[in-house]
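Biologist: I have the sequence and the model open side by side, and I'd like to go through a few features with you. Could we start with the strands and then move on to the links between side chains?

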Amino acid sequence: MRSCKEKSTMFQVFFPSLSKFAIIVCLTLIFPPRTLSLQSTINVWPKPKQILWPKPLATFLSPSFTINSPYHQHLTPAINRYLRLIQTEHHHPLVTPSVNISTTSPPLQTLTLNIIDLTTPLQHGVNETYSLSISEVGATAYLTAATAWGAMMGLETFSQLVWGDPSAIPVGLYVWDAPLFAHRGVMLDTSRNYYGVEDILRTIEAMSANKLNVFHWHITDSHSFPLMVPSEPELATKGSYGPDMIYFPSDVARIVQFGLEHGVRILPEIDSPGHTGSWAEIYPEIVACANMFWWPAGSQWADRLASEPGTGHLNPLNPKTYQVLKNVIHDVATLFPETFYHGGADEIIPGCWKADPTIQSFLSNGGTLSQLLETFVNSTLPYILSLNRTAVYWEDVLLDDNVKVDPSFLPREHTILQTWNNGTNNTKKITEAGYRAIVSSSEFYYLDCGHGDFLGNDSQYDQQTTGDNSRNGGSWCGPFKTWQTIYNYDITYGLSEDEAKLVLGGEVSLWSEQADPAVLDSRIWPRTSAMAETLWSGNRDESGKKRYAEATDRLNEWRYRMVSRGIKAEPIQPLWCVRNPGMCNTVNSF
């Protein structure tokens with residue numbers, strides 16, 4: 001019983017009013033409840049850390065059900081939203097629950113929220129812990145959270161517990177929950193193809209339902225500059241696809257506010273010095289190799305000007321580059337309250353910089369491309385930090401084979417690196433070097449892979465026999481990343497304990513060469529739900545075994561519920577499989 005007392009003390013640190021609940025949770029760790037049947041109504045996605053439901057009973061929600069909570073600028077709108085959802089959703093699971101309605105429990109009248117700290121802002125590392133208690137004997141349920149942002153997570157869990165018409169909810173239920181990783185995100189590229197504000201808001205809403213908390217907005221690239229920057233308005237008026245494909249400050253404010261009301265941070269990325277061809281529409285003098293053909297005829301791949309159509313790198317030797325870029329950085333920091341600023345710094349292509357006469361002269365006098373990048377970083381990173389921002393860069397700035405900076409230019413306390421190549425190998429390189437990491441390994445987390453390529457006049461598709469490329473879906477990062485591939489990825493695999501502590505979390509990425517609003521939902525969901533669960537509560541059961549088999553039926557149900565909530569998530573199985581649990585599994589190894 002000594003361990004129970006220790007755990008009780010630990011829980012009281014977070015939830016001083018729930019000492020009895022802490023002991024209940026502790027007892028579940030020592031005496032785990034029986035495994036719930038496939039027809040159980042406990043179908044919360046992502047799966048909570050701890051659930052105790054010793055007697056599968058339910059009661060009805062009162063027709064006058066309400067939620068009581070102290071006022072909070074962002075939590076109160078969330079409460080109103082969840083109250084409407086809970087009262088009107090009347091979700092009917094694909095498999096009808098076989099749960100008895102309690103004859104002794106009164107209808108649930110109230111959910112009462114207790115927030116320990118109402119002042120903590122939404123930022124990286126905010127405490128998202130919550131607990132939920134729904135008694136058999138009372139008409140009030142209790143949701144206790146460390147912060148308003150944890151309360152939003154708990155409200156989502158509560159909403160998923162409700163089903164049927166009239167609405168029912170489990171009773172005698174206790175939940176304790178907290179995420180494994182603080183950073184759980186979706187990256188969306190809005191430069192290659194434009195997404196309307198409503199598309200972004202719908203994505204953020206779905207993220208919140210999956211307990212994801214970072215919308216990484218890759219706003220600009222060589223293809224278009226759709227953000228209206230007040231101090232440099234012509235970047236958008238001339239660099240966007242058109243006046244109806246621009247995000248104005250009022251749009252950004254709406255997205256940021258929506259994110260706050262859903263517990264989702266909006267992390268802006270202005271990629272530079274590469275991926276900046278769109279800047280040349282107004283400032284051609286600061287952009288190298290702009291509007292040139294990306295891979296000149298007869299040249300080697302190593303001599304290309306870009307890795308895909310759309311050329312242009314900012315020139316680190318032109319003082320005007322920094323005048324313009326600092327205006328952009330300042331305005332972006334003003335528009336977005338997020339304390340992380342993503343500066344890109346990926347895919348510096350030697351051929352592009354070498355095409356510029358001033359850079360050619362610099363190189364002929366003994367300079368190197370890596371020195372050019374160091375000049376750029378040293379001229380911009382201090383300014384980013386002066387705005388009280390932490391800089392995030394893609395891994396290339398440190399790990400690229402040809403163009404990279406010395407670590408002395410990247411202070412570890414102010415720099416985060418985002419991985420996208422070579423799986424956990426690059427994550428290990430970054431953490432071994434002492435940097436914090438965000439994992440977006442293309443082998444697992446790139447959602448655009450496996451859909452072919454977008455190049456015209458491409459002879460690789462003129463094949464009468466099956467080749468390697470067709471097996472990969474004609475895509476550099478193929479094959480298609482299935483939800484199972486995503487679910488089974490362990491982002492700290494092969495890392496030491498200290499290295500794993502430097503992994504902040506992960507992001508799926510949707511690059512938009514072949515995506516736009518028409519396919520947005522189905523590209524992201526429900527595959528991203530798979531990542532959401534692994535970063536929230538892991539992908540293993542209590543014994544340490546991967547739980548992808550058990551997750552299949554739950555993900556089927558969750559996908560169906562997302563669709564009913566307006567998210568056009570793609571199916572993962574025929575409906576027959578859902579109606580016949582276990583029959584679509586394999587019992588053999590491939």
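Modeller: Let's begin with β16, where both faces are covered: Thr-415, Leu-417 and Thr-419 on one side, and Ile-416 and Gln-418 on the other, are all buried. Please keep in mind throughout that this is a predicted model.

Biologist: Which residues make up β16, and how many of them are buried?

Modeller: Strand β16 covers residues 415–419, and five of its five residues are buried, so the strand counts as mostly covered by the criterion that buried means under 20% relative accessible area.

Biologist: Which strands does β16 pair with?

Modeller: On one hand there is strand β15 (residues 390–394), which pairs with β16 in the parallel sense over four bridges, and in that pairing Tyr-393 stands opposite Leu-417 of β16. On the other hand, β16 is joined to strand β17 (residues 436–439) by four bridges, and these two strands also run parallel; here Ile-416 stands opposite Arg-436 in β17.

Biologist: And what do β16, α13 and β17 make?

Modeller: Together, β16, α13 and β17 make a β-α-β unit, and the unit is right-handed.

Biologist: How many salt bridges does the structure hold?

Modeller: The structure holds 23 salt bridges. One of them is formed by Glu-338 and Arg-265, whose closest N and O atoms are 2.8 Å apart. Glu-338 sits in the loop between α8 (319–335) and β14 (340–344), while Arg-265 belongs to strand β11 (residues 265–272), so that the pair links distant parts of the chain, 73 residues apart. Both Glu-338 and Arg-265 are buried.

Biologist: Back to strands for a moment, then: how many residues of β11 are buried?

Modeller: Eight of the eight residues of β11 are buried, so the strand is largely enclosed by the rest of the structure. Both of its faces are covered, with Arg-265, Leu-267, Glu-269 and Asp-271 on one side and Ile-266, Pro-268, Ile-270 and Ser-272 on the other.

Biologist: Which strands pair with β11?

Modeller: Strand β10 (residues 214–220) pairs with β11 in the parallel sense over six bridges, and Trp-217 stands opposite Pro-268 in β11.

Biologist: Where do Glu-550 and Arg-554 lie?

Modeller: Both lie in helix α20 (residues 548–564), four residues apart, which is about one turn of the helix. Salt bridges that share partners join Lys-47, Glu-533, Arg-547, Glu-550 and Arg-554 into one network. Between Glu-550 and Arg-554 themselves, the closest N and O atoms are 2.5 Å apart. Glu-550 is partly exposed at 30% relative accessibility, and Arg-554 is buried at 8%.

Biologist: Why is the disulfide of Cys-289 and Cys-352 called left-handed?

Modeller: Because the torsion about its S-S bond is about -95°. The link of Cys-449 and Cys-477 is left-handed as well, with -110° about the S-S bond, and both Cys-449 and Cys-477 are buried.

Biologist: And what about Cys-577 and Cys-584?

Modeller: A disulfide joins Cys-577 to Cys-584, with 2.0 Å from S to S, and its torsion is about -75°, so it is left-handed. Cys-577 is buried at 5% relative accessibility, while Cys-584 is partly exposed at 32%.

Notes: Residues numbered from 1 in each chain as written. Predicted model: local features only at pLDDT ≥ 70, side-chain atom pairs only at ≥ 80, totals over all residues. Heavy atoms only, no water. Salt bridge = Lys/Arg side-chain N within 4 Å of Asp/Glu carboxyl O. Buried < 20%, exposed > 50% of the residue type's maximum accessible area, 1.4 Å probe, protein only. Pairing = 2+ DSSP bridges. Right-handed = clockwise from strand over helix to strand, strands pointing away. Disulfide = S-S within 2.5 Å.
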